[in-house]
Structures are given as structure tokens and as C-alpha cells.
Amino acid sequence: MQWILQDVPLGRNIQNIRMQKNLTQQEVVEKLQLMGSSMSRSTLANIESGRRNIKASDLKLLKTILQVEYDCFFE
């Protein structure tokens, strides 16, 4: 029997939340950097497109910036 595991589209969820909050990638990255992250806009773009994973520390900061609960990222 073969199991097909489908991963949560975390990057797409981050993008959707960001867009619902009317924030650009650059605005989010600037806020992240003010809070100590070294993330660039291109890194955020790669995360949102699913080409790169996000660090747990950056996800924690995004939760604060986007003012959401962790559950929103994993729907």
C-alpha cells in the first residue's frame, strides 16, 4: 500500500494572510528586519512560492507582524 502525504501549503498561506492584511513583501521584510531577522524580500518570495522553507524564528515573528495565530499558517 502506498501512502500519499500532502504537505500544508505554508508559503501560500503566508502569502494569502499577508495580502489580506494589505502588506507588500517589502513591508513585511522591513518589519522582520527591525525585529532582528535577516530575511530578504527574495527569500520571502521563495518561501511564499514554496521553493524555500521558513525558519521557525521567522515564522514566530511573522505571527506577530501579521497578528494571527499559528493555526492560520497551517489551514
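I started with N22, which counts as exposed because its relative accessibility is 66%. For my own reference, exposed means over 50% relative accessible area, buried means under 20%, and partly exposed is in between (1.4 Å probe, protein chains only).

Before going on, I noted that this is a predicted model, where local features need pLDDT of at least 70 and side-chain atom pairs count only at pLDDT 80 or more, while totals for chains, interfaces and linings use all residues. Residues are numbered from 1 along each chain as its sequence is written, and side-chain values use heavy atoms, with hydrogens and water left out.

**Entry: the overall layout**

I looked up the elements next and found 4 helices and 0 strands in the protein chain. Here helices (H or I, at least four residues) and strands (E, at least two) are DSSP runs, numbered from the N terminus. Read from that end, the order is α-α-α-α. The C-alpha trace spans about 50 × 20 × 20 Å along its principal axes.

I also checked how much is covered: of the 75 residues in the protein chain, 36% are buried. The accessible surface comes to about 5500 Å², and carbon and sulfur atoms hold 48% of that. These areas come from the Shrake-Rupley method with a 1.4 Å probe; for residues, only the protein chains shown count as cover.

Then I turned to contacts, meaning heavy atoms within 4.5 Å. Of those between residues at least 6 apart in sequence, 53% join residues at least 24 apart.

**Entry: helix α1**

Which residues of α1 are buried? In this helix (residues 10-20), I found L10, G11, N13, I14, I17 and R18. They sit on the same side of α1, because they cover an arc of only 160° around the axis. The arc is that of the directions from the helix axis to the C-beta atoms. A reminder to myself: an α-helix has 3.6 residues a turn, so residues three or four places apart point the same way.

What covers that buried side? I noted α2, α3 (41-48) and α4 (56-66) among the elements that do. On the face turned away from the buried side, I found the exposed residues R12 and Q20.

**Entry: two positive phi angles**

Back to N22, which is in the loop between α1 and α2. Its phi is positive, about 55°, although N22 is not a glycine.

Q67 lies in the segment after α4 and counts as exposed because its relative accessibility is 67%.

Is Q25 buried or exposed? Its relative accessibility is 16%, so Q25 counts as buried. I located Q25 in helix α2 (residues 25-34).

Its side chain makes polar contacts with the side chains of R41, at 2.6 Å, and of E48, at 2.8 Å. A polar contact is a pair of N or O atoms within 3.5 Å; within protein, one must be able to donate a hydrogen and the other to accept it, and residues adjacent in sequence count only if both atoms are side-chain atoms. Leaving out residues up to four places away in sequence, Q25 touches R18, R41, L44, A45 and E48.

**Entry: a charge over a ring**

Last, I found K63 over the face of Y70, at 5.3 Å from the ring centre. This label asks for NZ of Lys or CZ of Arg within 6 Å of the ring centre and within 35 degrees of the ring normal.
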